[in-house]
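Hi,

Here is the structure I said I would pass on. Have a look at it first, and my notes on what I found follow below.

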Amino acid sequence: MKFASLASSLLLAASVSAHATFQEFWVGSTDEVGTCVRLPVSNSPVTSVTSNDIACNAGASASPGLCTVAAGGQVSVEMHQQPGDRTCTTEAIGGNHDGPVIVYMAKVDDASTAVGSSAKWFKVAELGLISIDVWGTDSLNSNCGKFTFTIPSCIPAGQYLIRAEVIALHVAGSVGGAQFYMSCYTVTVTGGGSASPATVSFPGAYSATDPGILFDLYGGYTSYTIPGPAVFTCSGSTSGVTSTSSSRASSSSSTSRASSTSSSSRASSSSSTRASSSTSASSGGSPLYGPERRLVLQERQVFSIYAI
Ligand SMILES: [Cu+2]
């Protein structure tokens with residue numbers, strides 16, 4: 001037991017420092033580093049879905065500039081635990097911070113000054129539960145923090161905010177436990193069309209009791225409903241529920257899942273109704289029990305100690 005307790009303590013230390021920040025951006029294969037990110041003041045999560053901080057994080061600095069992206073082109077957001085540390089051997093976000101990766105965009109007049117909590121957002125990509133115990137965050141960790149998605153080809157040219165988000169679910173079993181990690185990027189979209197996606201607001205798009213936000217990661221789940229509206233697609237097509245196998249995704253398959261899922265398989269109409277699609281996964285994997293659960297409880301205790 002002594003060893004177990006020591007191991008727990010080491011894991012605990014790792015988990016507490018496992019907060020993370022979206023901080024770099026790629027246009028295709030061009031590394032834009034941090035030139036168009038509004039970098040949050042710290043890697044701590046936002047936990048209130050009703051706070052204005054749920055839009056573009058707390059105390060984010062102005063972005064150094066704007067990145068230029070083509071409508072229909074591929075871009076990537078990149079997350080890491082510590083500022084500027086892009087070491088691929090370090091997990092992008094700590095291993096127990098399981099949850100979805102979600103990306104929104106908002107058309108704005110001036111991306112350098114636009115206020116995220118006043119912007120009108122539409123979802124452009126998401127990756128939730130890939131298979132039991134394999135999440136969008138695992139895809140980030142397999143891809144050196146990167147999540148790649150396609151700028152919708154039909155949206156109008158102009159300036160936009162891009163809001164990249166991870167929701168970590170390791171203590172999401174009680175209201176207020178889910179941890180939201182987001183950064184906003186400032187971009188100019190070129191090309192495009194005249195689509196006018198339905199939008200939501202932050203705060204407003206999420207409720208603390210949404211099934212994808214109040215979620216027991218340790219209760220033997222078999223599916224997960226990504227919060228927020230359906231992903232906007234130019235075709236307006238609806239592919240419905242995406243079923244996934246229970247096999248663990250390898251690094252390479254998780255890469256391809258990330259792009260295929262974000263670009264097409266969770267397509268739905270451009271309505272503003274809340275997402276009702278969920279990703280199903282058959283049982284056969286191994287949900288977290290035992291030590292992982294204790295670890296999470298300890299992390300929660302540590303947070304409450306600091307909160308006092
Ligand atoms: Cu954390």
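**Strands, loops and core**

Strand β1 (residues 21–27) pairs with strand β5 (residues 74–80) in the antiparallel sense, over six bridges. One of the residues involved is tryptophan 26, whose bridge partner in β5 is serine 76. β1 also pairs with β2, again in the antiparallel sense, this time over two bridges. In β2, aspartate 31 is the residue that stands opposite tryptophan 26, while threonine 30 stands opposite valine 27.

If you want to look at the turn, β1 and β2 make a hairpin with two residues between them. Glycine 28 sits in that turn and has a positive phi of about 60°.

Those strands belong to an open sheet of four, in the order β2-β1-β5-β10, with antiparallel pairing.

The mean pLDDT of the protein chain is 80, with 71% of the residues at 70 or more. Where pLDDT is low, the predicted coordinates should not be read in detail.

For the overall picture, the secondary structure of the protein chain comes to five helices and 15 strands. The chain has 308 residues, and 46% of them count as buried. Among contacts with a separation of 6 or more, 82% are between residues 24 or more positions apart.

Now to the backbone geometry, which I expect you will want to check. A cis peptide bond joins phenylalanine 202 and proline 203, with omega about 0°. Proline 203 is in the loop between β12 (179–190) and β13 (223–224). Leaving aside neighbours within four places in sequence, proline 203 is in contact with Val49, Thr50, Ser51, Asn52, Ile54 and Ser117. Glycine 116 is 87 residues away from proline 203 in sequence, yet their C-alpha atoms are 9.3 Å apart in space.

- Valine 33 has phi near 50°. It lies in the loop between β2 and β3 (37–38), and it is partly exposed, with 14 other C-beta atoms within 10 Å.
- Aspartate 133 has phi near 70°. It is found in the loop between β8 (129–131) and β9 (134–135), and it is partly exposed too, with 18 other C-beta atoms within 10 Å.

Which residues touch the most other members of the largest nonpolar core? That core has 70 residues, and the ones in question are Val103, Met105, Val124, Leu161, Ile162, Tyr185 and Val187. Leucine 161 is a handy place to start browsing: not counting residues up to four places away in sequence, it touches Met105, Ala106, Val108, Ala111, Ala114, Gly116, Ala119, Cys184, Tyr185 and Thr186.

Another strand pair to look at is β6 and β7. Strand β6 (residues 101–108) is joined to β7 by six bridges, and the two run antiparallel. Methionine 105 has phenylalanine 122 in β7 as its bridge partner. Strand β7 (residues 121–127) is mostly covered, with seven of its seven residues buried.

That is what I have for now.

Best wishes

Technical notes:
Residues are numbered from 1 along each chain as its sequence is written. This is a predicted model: local features need pLDDT of at least 70, side-chain atom pairs count only at pLDDT 80 or more; totals for chains, interfaces and linings use all residues. Two strands pair if DSSP finds at least two bridges between them. pLDDT is the predictor's confidence in each residue, from 0 to 100. Two residues are in contact if their C-beta atoms, placed from the backbone, lie within 7 Å. A residue is buried if 20 or more other C-beta atoms lie within 10 Å of its own, exposed if 12 or fewer, and partly exposed in between; C-beta atoms are placed from the backbone. A nonpolar core is a set of buried Ala, Val, Leu, Ile, Met, Phe, Trp, Tyr and Cys residues joined through C-beta atoms within 7 Å.
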